[in-house]
Amino acid sequence: MKNEWYKEAVIYQIWPRSFKDGNGDGIGDLQGVLEKLDYIKSLGVDCIWFSPLYPSPNCDYGYDIADYKDISPDYGDLALFKQVLDGAHERGMKVLMDLVVNHTSTEHKWFQESLKGKDNPYHDYYFWRKGKGKDGKKPPNNWLSTFEGGAWEYNKDLDEYYLHVFAKGQPDLNMDNPKVREEVKSIMRFWLDMGVDGFREDVITFISKKEGLPDGFPLPIATGVEHYNKGPHCHEYLTEFRKDIMKDYDCFMVGESPMTNSKDALKYTAGDDKVLDMMISFDHMQADCFITDTLCTPFNLKKMKKAFSDWQYKLNGRSWNALYLENHDHPRIISRYGSEKFWKESGKMLATMCYMQCGTPFVYQGQEIGMLNNHLDSVDKFKDVVTFNNEKLFKKFGFSDATYLKIANRTSRENARTPVQWDKSKYAGFSSVEPWFSVNPNYKEINVKQQEKDKDSILNYYRKLLKVRKENKIFIYGDYKEHFPESNDFYVYERTYEGKRALVICSFADETKTFRAPAGFDLTKGKLLISNYKDAPAKPNICALRPYEARVYLFA
């Protein structure tokens, strides 16, 4: 495989609204990012991915874009963005933008023009349809949005409905219109010409809808998804973008693709005609839920291991994995797959488990200090359209307010959106004024400044772990093999590369458990590269693994 730069990179995701407030208005911004570039670099990061920075009315906090070629006044302006871009490049870090082209905001000029009538050239930029029924007041089909009830919104002035697979403020673009695809290319060129190094493409496999927009199979949520997920022209349009744009730049594209398995991913990311360099999988994030994060189940280690191993085996030598545990759409991983009781141990173990695999590590802001889920005392204190839509659904099925509050505190993606905890001063050092969203009360114990001083902190463990990865190509390019797949306590896998072997041992138990090394491994002859406990056992081949213990051995 070619040594494309992204394969050896570590990518740090910034959700700008909650990263760092640099101008004292309670909202994170680019000035705050500029102040923290040295910190980001110190982690061992090679690339920053920005969640949307564009002007937006924020019905979905930036993923409803009003102007693709500008910066939101909340975050700064194009001149300040260029400062951040240049500052990142000066430090040897690349920059990715979020490309959100399945939909726009209703405030985008294209949509505002489309409201002027069927004869307006922008009307066909979106899916406008007449209603059904004798009076024409029934939606064009039975599709449900993933965020907000039905997928169609009626406009009385036009006597038509527009399609929104997500929130009402996020009308879907009609990618079948060649003019829309040319607009997408223009957006990509704008940022690449400025110096941006690539894109993370939001729900990119939703961009093609089945002709005729037929009714979908009735489901509690997302009815119709079979007609727009990996739709009929999706691969064709992505091929067009890559052929017409990406060939002219040293950049890469990672696609977010809900409901995509490893076999599907290969169709997009393998071979000389690949249309994406990586695909963000959701499979391993389903180990404590059913279909969506909101439907809670107990954490199932075997389910998680099976998902990771499936992608590792299937993509090996053919494609490339995106390794992540957190992002802006998921609750905090220690609160999900680890233990708040064994906070430090499980936080380090989870990082080891994930980032010693084959693929490119993605680290989400605050993950490197072990930020945890927040626990609000009222649903009214949440901010997200998804949280409120889920509240309606759960109430419809008879759940009490108190029960739904517990569910929201455990499953809401807003857990990842609390302000980053920089120090123990008021508002966690995020801002000098009250932030736009509540700070987790544990900020006095969990913050960057405190962990900088602690050699044994989660923060410094991340630095060491990512350094170990970079210094040992086996963890970047090595083959993968899982051991003990039926174990309910341990996740153990080996990596092999150029005559070397490594063994990664991770305990998911909250108590001490007896561990026996896999056949063919004598741990006394291996070099212990990293461990989340200070001392190693004298006889490691058969030993007691402590709660959430992680160890990585290298064999020449």
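Lys 449 is exposed (over 50% relative accessible area; 1.4 Å probe, protein chains only), with a relative accessible area of 54%. The model is predicted, so that local features need pLDDT of at least 70 and side-chain atom pairs count only at pLDDT 80 or more, while totals for chains, interfaces and linings use all residues. Residues are numbered from 1 along each chain as its sequence is written, and side-chain values use heavy atoms, without hydrogens and water.

Lys 449 is found in helix α13 (residues 448-453); helices are DSSP runs (H or I) of at least four residues and strands (E) of at least two, numbered from the N terminus. Together with Lys 424, Lys 444 and Lys 453, Lys 449 forms a positive surface patch, in which like charges are joined within 9 Å and residues have over 30% relative accessible area and no salt bridge.

A salt bridge places a side-chain nitrogen of Lys or Arg within 4 Å of a carboxyl oxygen of Asp or Glu; the whole structure holds 45. In one of them, the closest N and O atoms of Asp 244 and Lys 185 are 2.6 Å apart. Asp 244 belongs to helix α6 (residues 234-244) and Lys 185 to helix α5 (residues 178-194), so the pair ties together parts 59 residues apart in sequence. Lys 185 is buried (under 20%) at 2% relative accessibility, whereas Asp 244, at 28%, is partly exposed, the class between buried and exposed.

An open antiparallel sheet has 3 strands in the order β4-β6-β5. Strands β4 (128-129) and β5 (152-155) each have a single partner strand, so one side of each lacks a neighbour in the sheet. Pairing requires at least two DSSP bridges; 4 join β5 to β6 (residues 160-163).

Note on methods:
Patches are made of residues with over 30% relative accessible area and no salt bridge: like charges are joined within 9 Å, nonpolar side chains (Val, Leu, Ile, Met, Phe, Trp, Tyr) within 5 Å. Accessible areas come from the Shrake-Rupley method with a 1.4 Å probe; for residues, only the protein chains shown count as cover. Lys and Arg count as positive and Asp and Glu as negative; His and the chain ends are not counted. The place of a charge is taken as NZ of Lys, CZ of Arg, CG of Asp or CD of Glu.
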